[in-house]
Amino acid sequence: MKKKIGIAILVIVVMIVAICVIGNRMGKSQNDDEGQFKIVTTFYPIWIMTSNITQGAQNIELVNMADKNAGCLHDYTLSTTDMKKLEKADVVVQNGLGLENFMDKILNTYSRIKIIDSSKNITSKIEENGEVNNHIWTSLSNYMMQVEEIANGLSEANPENKEVYEKNKENYIKELKELQGEYQTELANLKGKKAICLNEAFSYLAKEVGLEIISVETNHEESSLSAEKMKELIEIMKKENIKSILVDKEDNLKSAQTLANETGAQIYELQSGLTGNEESSSYLKIMKENLEILKGI
């Protein structure tokens, strides 16, 4: 009898110890989750900026909301998966200038989230058809200002990693300035030259290198331009002797090829940086490739 009681007591003790261990582990896991500073970026270009700024930061989680191949966020609709990513977010980093037209929904659902607007200090905005062009990251000057704003916002929201954010920002901007110097030196001959741009994403890049854009059409959401618009562009190109057509390499090239055939112009396939891999150097690489392509104009 005593032996049975002893065994029962031992079983109870083991159960209590097991419960305590499991409880401690669960508590530790929850505390670890709660201790993480969660940063959510809205789409790929902003994710690349933020990933460079946060490298080596402690106790953070960096998540990109939209799929990295989602492209531009025009008319983007938040999914259940997107909203799930935002549940425990401390900060959401956005491009701004109205590109993320869903921000009101995010704030209405998660009012405690801090928003970092990377476009806050951008002054050289381009307006087309009465609307601000929000593809600001294709300009190296604007891109650096966005990096600066994101780093400042994260330092304020997460002072624990301020030194890391500041150091990473300085290193990244140094690389960007070196590339900008190459642009200024090697593309000096582009100033005053004219081009047709079939993708509004490159308006800021063209402006920075001195290209005069005669017409901008957004071709990344349409299979082709109307016959009337094509006729208008052909007339402009012939009148102005325009021999350069800028497009995104991911665009449908049908319209560009028609314009080239009718005017003898050359098509230049650039990259907007809207999609890519997870390498922190991704933006620098695509801008270096764009530099090589622009040399041909």
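1. Lining of the largest cavity. In this predicted model, the largest cavity is lined by Tyr44, Pro45, Ile48, Tyr143, Gly273, Ser282, Tyr283 and Ile286. Two elements each give two or more residues to this lining: helix H2, residues 44-54, and helix H10, residues 282-294. By class, six of the lining residues are nonpolar and two are polar, with no charged residue in the set.

2. Volume and number of cavities. The volume of the largest cavity comes to about 50 Å³. When the whole structure is searched, one cavity of 30 Å³ or more is found.

3. Packing of H10 against H6. Helix H10, which contributes to the cavity lining, also packs with helix H6, residues 162-186. The angle between H6 and H10 is about 5°, and their axes lie 11 Å apart. Angles under 35 degrees count as roughly parallel, and H6 and H10 are therefore roughly parallel to each other.

4. Residues in the H6-H10 contact. On the H6 side the contact is made by Tyr172, Glu175, Leu176, Leu179, Glu182, Tyr183 and Glu186. On the H10 side the residues are Tyr283, Leu284, Met287, Lys288, Asn290, Leu291 and Leu294. Sorted by class, this contact holds nine nonpolar residues, one polar residue and four charged residues. Tyr283 is named both in this contact and in the lining of the largest cavity.

5. The sheet. An open sheet is formed by four strands in the order E8-E7-E9-E10, with parallel pairing. Strand E8, residues 212-216, and strand E10, residues 266-270, are the edge strands, and each of them pairs on one side only. From one strand to the next, the twist averages 30°.

6. The E7-E8 pair. Strand E7 covers residues 194-197 and is joined to E8 by four bridges, the two strands running parallel. Which residue of E8 is the bridge partner of Lys194? The partner is Glu212, a residue of the edge strand E8.

7. Helices across the sheet. Helix H9, residues 254-263, lies across E9 and E10, and the angle of H9 to E9 is about 170°.

Conventions
Residues numbered from 1 in each chain as written. Predicted model: local features only at pLDDT ≥ 70, side-chain atom pairs only at ≥ 80, totals over all residues. Heavy atoms only, no water. 1 Å grid on protein atoms, 1.4 Å probe; cavity = no way out; pocket = protein on both sides within 12 Å on 5 of 7 lines; lining within 4 Å. Points joined across faces, edges and corners; volume = space filled by probe spheres on them. Nonpolar A, V, L, I, M, F, W, Y, C, P; charged D, E, K, R; others polar. Pairing = 2+ DSSP bridges. Axes fitted to C-alpha atoms, helices over the stretch in contact; angles between N-to-C directions. Contact = heavy atoms within 4.5 Å. Parallel < 35°, antiparallel > 145°, perpendicular 65-115°, else oblique.
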